[in-house]
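My notes follow the order in which I checked them.

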Amino acid sequence: MKNSKINFVLKIALAIILLQTLFYKFTASPESVYIFSKLNAEPLGRISSGIVELFTSFLLFFNRTKFYASVVILCTMLVALFSHIFVLGIEIMNDGGTLFILGCICFILSAYFSILYKDDFINNIHQLKTK
């Protein structure tokens with residue numbers, strides 16, 4: 001029971017980090033436009049990544065979709081971290097590396113949830129095979 005409460009708090013933390021960035025992506029803040037322009041993905045990349053993060057933030061809380069949501073977040077954060085390391089740099093527009101750190105936190109949490117919920121995925125596959 002204690003673990004489930006901790007996991008719920010961690011899910012909320014992950015969702016909050018993802019959701020708070022949406023304001024900047026959907027309002028075309030200068031930082032977001034700068035990032036996605038440098039990646040040659042403005043505006044489509046900015047808006048589509050925002051949509052993905054919006055949906056996965058909610059799907060993380062449903063039993064049938066929590067594994068898939070955590071894997072999608074994991075992949076999204078992997079792309080974001082690679083973008084920081086190889087193209088953007090750790091610090092963007094004097095943010096002190098805040099976006100990179102938040103990306104690392106999301107990556108770690110989504111990796112944890114992907115591993116935690118892998119048995120749910122395996123059970124779903126088993127159920128499909130037996131039908």
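I count two rings of Phe, Tyr or Trp as a pair if their centres lie within 6.5 Å. The model is a predicted one. By that cut-off I find eight aromatic pairs in the structure.

**Entry 1: Phe8 and Phe61.** I looked up the geometry of this pair. The ring centres are 5.8 Å apart and the planes stand at 75°, over the 60 degrees needed, so I note the pair as edge-to-face. Phe8 sits in helix H1 (residues 2–20), while Phe61 is in the loop between helix H4 (44–59) and helix H5 (66–88). The two are 53 residues apart, and the pair thus links distant parts of the chain. I then checked accessibility: Phe8 is partly exposed at 44%, and Phe61 is partly exposed at 32%.

**Entry 2: Phe113 and Tyr117.** Here the centres are 5.7 Å apart and the planes are at 10°, under 30 degrees, so I put this pair down as stacked. Phe113 is buried, with 0% relative accessibility. Tyr117 is buried as well, at 7%.

**Entry 3: a cluster.** I also noted that ring pairs join Phe67, Tyr68 and Phe121 into a cluster.

**Entry 4: helix H3.** Which residues of helix H3 (residues 30–38) are buried? I list Ser32, Ile35 and Phe36. Viewed down the axis of H3, these buried residues fall within an arc of 85°, so I record them as lining one face of the helix. Their cover includes helix H2 (22–26), H4, H5 and helix H6 (98–116). Just after H3, I noted a positive phi of about 55° at Asn40.

Terms used. Residues are numbered from 1 along each chain as its sequence is written. This is a predicted model: local features need pLDDT of at least 70, side-chain atom pairs count only at pLDDT 80 or more; totals for chains, interfaces and linings use all residues. Side-chain values use heavy atoms; hydrogens and water are left out. Rings of Phe, Tyr and Trp (its six-membered ring) pair if their centres lie within 6.5 Å; planes under 30 degrees apart count as stacked, over 60 as edge-to-face and the rest as tilted. Helices (H or I, at least four residues) and strands (E, at least two) are DSSP runs, numbered from the N terminus. Buried means under 20% relative accessible area, exposed over 50%, partly exposed in between (1.4 Å probe, protein chains only). The arc is that of the directions from the helix axis to the C-beta atoms. Contact means heavy atoms within 4.5 Å.
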